[in-house]
Amino acid sequence: MSRGAPCPPSASVVEMNELLLPGHANALNTAFGGQIMAWVDICAAMAAQRHAREVVVTAAMDAVTFIAPIKVGQVVNLRGMVNATWRTSMEVGVRVESEDPLTGIRTHVLSAYLTFVTIDHEGRPIAVVPVVPETSVETLRYREALARRATRLQLAQERQRLQDAHDSDASPR
């Protein structure tokens, strides 16, 4: 993929596999959530950078809900892909599954959506390469990403409104 040329989401796919070791676990011998979130961030960052061919930084991670535990000794499979791009940012989706290495049975553990910003060597946002969905699944993910972005922007406006109200109430009287 050349820098600057629009490309399909499939060109950004990253697949990672990790073995859940005791050092990655909590007191219940299941995955420490922070470790899984770190792996999600790494997987997403690699997909974003593969797409942009520029330096990227994590701007946000949507709410993460664990729907199944991962036990020590299981394989953690992560798959990330750019879903949509905007002027300087992009959304990357990551699906995490656990795999029992003895049976091969996989269980969906979580899906996460992260926003990345492309930056120049001085840390300023720069234009991101457009993503062009090619398949019906990619188009669906693109449309869903647009809806999530609209929700994120609404939440950001509400946070700013609440912060402004708090700041005005906190002034000395």
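How much space lies in the second largest pocket? In this predicted model, the second largest pocket holds about 280 Å³ of space. Thirteen residues form its lining, and those closest to the pocket centre are Ala 60, Thr 115, Arg 152, Leu 153 and Arg 159. Two elements, strand 2 (55–61) and helix 2, each contribute at least two residues to this lining. Helix 2 provides the largest share, with six residues. By residue class, the lining of the second largest pocket comprises seven nonpolar, two polar and four charged residues.

Attention can now turn to the largest pocket, where the space amounts to about 360 Å³. Its lining is made up of 20 residues, and Arg 79, Gly 93, Val 94, Arg 95 and Arg 141 are the closest to the centre. Several elements each supply at least two lining residues here: strand 1 (14–19), strand 3 (75–85), strand 4 (89–99), strand 5 (106–119) and helix 2 (136–169). Strand 3 gives the most, namely six residues. Charged residues number eight in the lining of the largest pocket, alongside six nonpolar and six polar ones.

A search for aromatic pairs gave a count of zero, with ring centres required to lie within 6.5 Å. A charge does sit over one ring, however: Arg 148 lies over the face of Tyr 113, at 3.6 Å from the ring centre.

Technical notes. Residues numbered from 1 in each chain as written. Predicted model: local features only at pLDDT ≥ 70, side-chain atom pairs only at ≥ 80, totals over all residues. Heavy atoms only, no water. Phe/Tyr/Trp six-rings, centres within 6.5 Å; stacked < 30°, edge-to-face > 60°. Lys NZ or Arg CZ within 6 Å of the ring centre and 35° of its normal. 1 Å grid on protein atoms, 1.4 Å probe; cavity = no way out; pocket = protein on both sides within 12 Å on 5 of 7 lines; lining within 4 Å. Points joined across faces, edges and corners; volume = space filled by probe spheres on them. Helix = DSSP H or I, 4+ residues; strand = E, 2+ residues; numbered from the N terminus. Nonpolar A, V, L, I, M, F, W, Y, C, P; charged D, E, K, R; others polar.
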